[in-house]
Amino acid sequence: MMINKRLIGTVRESKKFIAGNVALQWCALAANIAMIGAICRLLERLYRGTGTANDLLFTAGIAVAAVAVRFACNVGSARMGYLSSKAVKKTLRDQIYRKLLRLGTAYKERVQTSEVVQVAVEGVDQLETYFGAYLPQFFYAMLAPLTLFVVLCFVNVPSAVVLLVCVPLIPIAIAAVQTWAKKLLSKYWGQYTALGDTFLENLQGLTTLKIYQADAFKNQQMNEESEKFRRITMKVLTMQLNSITIMDLIAYGGAAAGIVMAATQFRAGHVGLGGCLAIILLAADFFIPMRQLGSFFHIAMNGMAASDKIFRLLDLPEAEQNAAQVPEDCSIRCENLHFAYEPEREILKGIDLRFPRGSFTAIVGESGCGKSTVASILMGRNRGYTGTVTVGSVSLTEISEKSLMENFTYISHQSYLFKGTVRDNLLMGCPDAGEAALWRVLEQVKLADFLRSEQGLDTVLTEKASNLSGGQCQRLALARALLHDSPVYIFDEATSNIDVESENDIMEEIHALAKTKTVILISHRLANVAGADNIYVLDAGQIAESGDHETLLARNGAYARLWNAQQALENYAKEAAV
């Protein structure tokens with residue numbers, strides 16, 4: 001009943017802790033049986049008038065020892081539950097993390113980030129309770145009634161049989177609602193994930209919602225999702241309360257039946273007073289473990305629903321682990337390259353591109369023409385393309401992601417800066433870099449003077465470096481990229497949405513970098529690409545034309561039209577400013 005062999009097999013380390021937990025609970029039960037047996041023996045002797053002071057001392061000693069044993073067992077059982085939970089969290093979160101690493105940078109094509117977060121946090125927490133509480137209780141609930149049955153058979157067999165027969169009624173009641181509960185909890189987790197997706201999206205776009213005064217509309221959507229979640233939650237709680245009520249009725253009714261049988265057997269003279277009292281006092285212990293198991297029922301069901309989502313993530317198909325390395329000749333060639341995010345909407349339509357080693361190549365075009373898609377393919381984030389992409393003589397699909405990341409550096413207008421210090425963020429580019437090297441790249445991007453006026457390399461950055469300006473963030477991202485010192489650099493709109501001074505400084509550094517590295521520059525602003533060796537002009541997913549700046553202007557084609565339009569707009573802006 002709700003025992004997932006694969007789940008238990010996945011967290012093998014927890015087995016010994018679960019076994020230890022069950023053993024300790026059984027020892028506590030044995031101590032309790034011994035204490036009740038001693039007390040009932042004393043009461044019967046006192047009833048018959050044969051009790052002595054030694055009997056009283058003996059009973060007191062047994063009671064004290066039993067209490068001490070039960071206390072130690074309860075502490076040990078809690079410790080076993082903690083260790084089991086710890087093993088579950090460590091193992092499952094490690095497996096989820098390693099799965100994401102194996103899926104690589106293209107994991108978003110398979111699963112949503114919000115779902116990964118929910119599964120790794122809330123889902124694993126549910127399984128922590130499943131392993132730490134439910135599973136030990138499950139095995140103990142099987143063992144305890146059998147132990148009590150054997151013991152009470154020495155006292156009175158009919159009473160023991162009545163109690164044992166009533167115990168299975170609790171798991172039968174649980175099984176009766178299990179199918180319904182499984183479907184209900186599956187819907188609960190689906191709605192929980194949907195609510196999390198909506199919340200995360202609205203939180204990330206909160207500034208945009210405020211700007212366009214759409215926060216009230218999104219708030220209404222959140223309220224609707226919350227209401228759906230509230231309703232499914234209330235259904236789950238109703239199911240849990242109903243199942244608890246049924247289990248209580250069975251538990252109390254079974255204990256009452258055992259007590260009535262014990263009284264009847266005592267009246268008929270088939271059992272003595274001590275035996276009758278022992279049956280009455282131990283009757284509840286027949287049902288308490290199974291009743292406690294029933295109270296963990298919803299935890300187990302939540303754990304099963306969570307494990308389904310975890311295994312769905314862990315079972316995602318993986319591409320074969322490539323072993324090829326980026327060759328020394330890291331020239332890039334794309335032939336007949338097609339790509340579509342959706343089958344009916346093709347983004348790249350059979351384009352051919354060449355990026356010779358040590359060259360400075362630009363890709364330009366209107367928004368939506370496929371420029372950034374090319375960069376994502378080259379970085380291995382979009383894998384569902386057709387055609388061929390080779391680095392040197394090696395197919396991109398054969399190159400290991402590790403080698404690709406070591407040799408290709410990607411810088412966008414949204415390069416992520418982590419909470420921490422400037423030093424922490426820079427060392428991601430080169431963990432072994434000394435302080436002199438860090439300051440050197442900061443000087444190159446003209447950020448050193450500002451940081452010296454702050455706390456230097458120990459200047460603290462808030463989340464996403466929100467305490468820096470957009471230009472300063474891009475300068476720092478470029479400094480980190482320079483430290484990486486890879487043969488190939490891909491700049492994807494790296495100067496968008498920053499001040500003119502920062503843009504000019506960054507472009508100056510990119511042009512300097514292009515003298516020694518292979519540089520691919522994607523930009524909407526043509527003034528930034530004028531110095532490129534070759535410029536590809538994309539139009540609706542196709543190569544409209546290519547050549548250097550002067551050649552393309554002379555053709556008076558698509559590039560010339562974009563150039564003239566931008567120049568006219570920039571000149572108008574300058575005149576308006578004057």
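Which residues point one way from strand 9, and which the other way? Val488, Ile490 and Asp492 take one side, Tyr489 and Phe491 take the other, and all are buried. This is a predicted model, where local features need pLDDT of at least 70, side-chain atom pairs count only at pLDDT 80 or more, and totals for chains, interfaces and linings use all residues. Residues are numbered from 1 along each chain as its sequence is written, and side-chain values use heavy atoms, leaving out hydrogens and water.

**View 1. Strand 9 (residues 488-492), tucked away.** Five of its five residues are buried, so strand 9 is largely enclosed by the rest of the structure. Buried here means under 20% relative accessible area, exposed over 50%, and partly exposed in between (1.4 Å probe, protein chains only). Strands are DSSP runs of E, at least two residues, and helices are runs of H or I, at least four, numbered from the N terminus.

**View 2. The neighbours of strand 9.** Strand 6 (residues 408-412) pairs with strand 9 in the parallel sense over five bridges; pairing takes at least two DSSP bridges. Here, Tyr410 sits opposite Ile490. Strand 10 (residues 518-522) also runs parallel to strand 9, joined by five bridges, and its Leu521 is the bridge partner of Phe491.

**View 3. Ser415 in its loop.** Look for Ser415 between strand 6 and strand 7 (420-421). Setting aside residues up to four places away in sequence, Ser415 touches Gln474, Ala477 and Arg480 (contact means heavy atoms within 4.5 Å).

**View 4. Leu43 in helix 2.** Leu43 belongs to helix 2 (residues 14-48) and is partly exposed, with a relative accessible area of 38%.
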